[in-house]
Amino acid sequence: MAMVAISLGNSRETRNPYLILRRLAVLFPHLPRSMRANTSTQPMHPSRSRRPRCCKSNNDHHAKISTFPSWYVFLLVLFHERWITTMGIVVHSLSISPTTTTTTIAPTNRRDFLARGGQSAAVISFFHSSFPALADDESDNISSLLDAKTISWDHHHDIPSSSWSRFRYGTSTLLNDENSNTPPVGTPAIYPSWMEGYQAINYKFNKASFPQGRGILSLRTAGAGLGTCLSLPNVGYSPPAPHAMHFIKRRGGGGVYEDLAYTIPRKFESFWPESKVLAVRTNNNGDSNSSALLSPKCFVTGDGCSDDVNPNLHSAASRIAMDFEGPTRRGGRVVQSCDVTMLNHSIQNNVDGSYFTSKSYSQYNAEQELQTFYKEITSWERMKKEGEIVGKIRVAAFLPYYIKEMDANNKSNNNNGGGDVRNQYEEDEAVAFYDYKFTMKSIDQMDAASL
């Protein structure tokens, strides 16, 4: 008998057996197809002179189900608040064979944002994981958003559409605690196991479009300025070289998560070569669904990056904060910072092996006092050649009325007229789409260190 305990993202899901069974299909991909739902819904500078040091040597022992000669499984799902317990009685035989994956040590240098291999345990008769739910929501319609003419902001939980304030960062001087003035964080996104390890990703700009017209756009729109949209830090730019990504196996198996502390600084510098990331932090989300608490700073020098000082830096996260240096329009290089929170996400897992994610973000750039909102829709599709993935990414930028009114007030103060922005467009619909294509290739740790 095998027992599994799974933490769910919200109590609504614990009352929907169909969602749970589809989630189990993601956790246990080796189950016979007849037992699974057909559709489960749910960068450093490219310069070779500054190569990042990656993770330590690490043996990742795990086990995989190799054969299912003849057996049947009966599932009993027990519901209790935010947890479910599934008991499976396996009849006949189930063989398990251990495998070992070994990584090597990358060259040491000043780029010391460390990346650790995920710790995973062998499959045993009893398994308990407190990892967050696979998604805040599951949908069959994410793929259609990549070509949709309109995309709406999802306010979730019956929140009125006028309550953008719930998702913004607090800027009051009375809020001195950086962890108390952030929007509510969502659960970290989970990806298929075939994305595990290091990947080289290359982006190519496709197009930008403005579904509600260019006239309503503002410099306060996500993507209008460099570094104001962390999903695509320099909209319209196609990085000439790939950057490295890192996906870590979930503790206990059942998918992988993106190592934000490793990937995002590399992505940022790849899209904006004139910038330099100085420090990075992520929220300590290893055993919590909703903690916004940031880890200590991991500096570019390597200070504050070790396991004993920063044990949760590379845990699954849904918030990341960075300090970086970059040129400004007024001239000169200035140290700046940005803080990005993933509010919620949905996934779509198709029977053909393609995978889709939709994430909603709130970002705050402190020096510019700039708050932005955007959605990131991404597709991932495995190619026939092993280790190769192709995909698309679309960022949908939103411009709430209260942000647009800042521009209108400025124009009015300059005697240029302001006007009522609420009659000009719909704030709950995207005002800009940024579309990219990308290719990914599985690489080893040494190759990742050279990017």
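## The largest cavity

A cavity is a set of grid points where a 1.4 Å probe fits but cannot get out. In this predicted model, the largest one has a volume of about 370 Å³. Its lining takes in 29 residues, and if you want to find the middle of the space, look for Glu-258, Leu-260, Ile-264, Lys-359 and Tyr-361, which are the closest to the centre.

Several elements give two or more residues to that lining: E9, strand E11 (256–258), helix H2 (260–271), E14, E15, E16 and E17. By type, the lining of the largest cavity splits into 20 nonpolar, four polar and five charged residues.

## An open pocket

Now for a space that is open. The second largest pocket has a volume of about 730 Å³. Its lining is made of 18 residues, with Gly-225, Thr-328, Arg-329, Gln-336 and Gln-368 lying nearest the centre. Here the residues divide into seven nonpolar, six polar and five charged.

## The nonpolar cores

The largest nonpolar core has 68 residues, and the members that touch the most others are Leu-230, Met-322 and Met-440. Take Met-322 as an example: leaving out residues up to four places away in sequence, it touches Leu-230, Ile-264, Pro-265, Phe-268, Val-277, Ala-279, Val-280, Gln-336, Ser-337 and Cys-338.

## Salt bridges, buried and otherwise

How many salt bridges does a search of the whole structure find? It turns up seven. One of them joins the side chains of Asp-339 and Arg-319, at 2.6 Å from N to O. Asp-339 sits in strand E15 (residues 333–349) and Arg-319 in strand E14 (residues 319–327), so this bridge ties together parts that are 20 residues apart in sequence. Both Asp-339 and Arg-319 are buried.

Glu-325 and Arg-333 make another salt bridge, with their closest N and O atoms 3.1 Å apart. Glu-325 is partly exposed, at 23% relative accessible area, and Arg-333 counts as partly exposed too, at 43%. In a further bridge, Glu-388 pairs with Lys-385, the closest N and O atoms being 3.8 Å apart. Glu-388 is partly exposed at 27% relative accessibility, while Lys-385 is exposed at 55%.

## Two loop residues

Thr-182 lies in the loop between strand E8 (137–138) and strand E9 (197–209). Is Thr-182 buried or exposed? Its relative accessible area is 16%, so Thr-182 is buried, the cut-off being under 20%. Leaving out residues up to four places away in sequence, Thr-182 touches Tyr-169, Ala-292 and Arg-319.

Glu-369 is in the loop between strand E16 (355–365) and strand E17 (370–382). With 60% relative accessibility, Glu-369 counts as exposed. What about its backbone? Most residues other than glycine have a negative phi. Glu-369, though, has a positive phi, near 50°.

Note on methods:
Residues numbered from 1 in each chain as written. Predicted model: local features only at pLDDT ≥ 70, side-chain atom pairs only at ≥ 80, totals over all residues. Heavy atoms only, no water. Core = buried A, V, L, I, M, F, W, Y, C linked by side-chain atoms within 4.5 Å. Buried < 20%, exposed > 50% of the residue type's maximum accessible area, 1.4 Å probe, protein only. Contact = heavy atoms within 4.5 Å. Salt bridge = Lys/Arg side-chain N within 4 Å of Asp/Glu carboxyl O. Helix = DSSP H or I, 4+ residues; strand = E, 2+ residues; numbered from the N terminus. 1 Å grid on protein atoms, 1.4 Å probe; cavity = no way out; pocket = protein on both sides within 12 Å on 5 of 7 lines; lining within 4 Å. Points joined across faces, edges and corners; volume = space filled by probe spheres on them. Nonpolar A, V, L, I, M, F, W, Y, C, P; charged D, E, K, R; others polar.
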